Amino acid sequence: LTFTLGEELYGVDILKVQEIRGWEKLRELHDVPDYIKGVLDFRGMIVPIIDLRQRFGFKEFEYNPTTVIIILSTADENMMGIVVDTVSDVLSVKQDDLKKAPSMGSKINTDYILGMVKTEQNMIMLVNSDRLVDKDELEVPGILPVE
């Protein structure tokens, strides 16, 4: 599933997408990183919501009618939501088409990038949703279980 952040195109594994929702007011949390906007109730599960613009260091952007929350499953059977500007398309990507993300040195964190895919018009950065958030940042009762 591809989506936009500003002028950039990104993608996540469609098999991880549980739902796409319009922007809605969230229950804010205190003492969490700025990019964690709050939580919402998704089918009885409390789900943390991450603003990818802030997570990736983009300048702030006004939430508008095209802003959406993509609810994703994570490797540890939890859920998280990501706030994006717009949802674009569903693309079929072969493993051979996936190129390794370039090494950017120690100053730029590429841990949450799976790789890149070139289409006729765009270069799409594929996001590893399992690495967007450090689990230690979310080990707050009611968000993610403390192990």
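Visitor: Which order do the strands take in the open sheet of 5 strands that has β8 in it?

Guide: First, a word on the model. It is predicted, so local features need pLDDT of at least 70 and side-chain atom pairs count only at pLDDT 80 or more, while totals for chains, interfaces and linings use all residues. Residues are numbered from 1 along each chain as its sequence is written, and side-chain values use heavy atoms, with hydrogens and water left out. Now the general idea: strands (E, at least two residues) and helices (H or I, at least four) are DSSP runs numbered from the N terminus, and two strands pair if DSSP finds at least two bridges between them. Here the order is β8-β1-β2-β10-β9, and the pairing is mixed.

Visitor: Which strands stand at the edges of that sheet?

Guide: They are β8 (86-89) and β9 (113-118); each has a single partner strand, so one side of each is left without a neighbour in the sheet. From one strand to the next, the twist averages 35°. Angles like that one run from 0 to 180 degrees between N-to-C directions, with axes being lines fitted to C-alpha atoms (for helices, over the stretch in contact).

Visitor: How do I read the pairing around β1?

Guide: Take its partners one by one. With strand β2 (residues 8-11), β1 pairs in the antiparallel sense over 4 bridges, and Leu5 stands opposite Glu8 in β2. The hairpin of these two has 2 residues between the strands, and Gly6 takes a positive phi near 65° there. With β8, β1 is again antiparallel, over 3 bridges; Thr2 stands opposite Asp89 in β8.

Visitor: Which way do the residues of β1 point, and are they buried or exposed?

Guide: Buried means under 20% relative accessible area, exposed means over 50%, and partly exposed is in between (1.4 Å probe, protein chains only). In β1 (residues 2-5), Thr2 and Thr4 point one way, Phe3 and Leu5 point the other way, and all are buried. For the protein chain, 41% of its 147 residues count as buried.

Visitor: What about the other end of the sheet order?

Guide: There, β9 and strand β10 (residues 123-127) run antiparallel and are joined by 5 bridges. Gly115 stands opposite Leu126 in β10.

Visitor: What volume does the largest pocket have, then?

Guide: About 370 Å³. On a 1 Å grid over the protein atoms alone, a pocket is an open set of points with protein on both sides within 12 Å along at least five of seven lines, whereas a cavity is a set where a 1.4 Å probe fits but cannot get out; lining residues have an atom within 4 Å of a point. Grid points are joined across faces, edges and corners, and the volume is the space filled by probe spheres set on the points.

Visitor: What is Ser73 in contact with?

Guide: Contact means heavy atoms within 4.5 Å. Leaving aside neighbours within four places in sequence, Ser73 is in contact with Leu15, Lys16, Gln18, Asn78, Met79, Ser129 and Asp130. Ser73 is found in strand β6 (residues 68-73) and counts as buried at 17% relative accessibility.

Visitor: Where is Asp31 placed?

Guide: In the loop between β3 and β4. Asp31 has a positive phi of about 65° although it is not a glycine, and it is exposed, with a relative accessible area of 84%. Arg43, in the loop between β4 and β5, has a positive phi of about 55° and is exposed at 64%.
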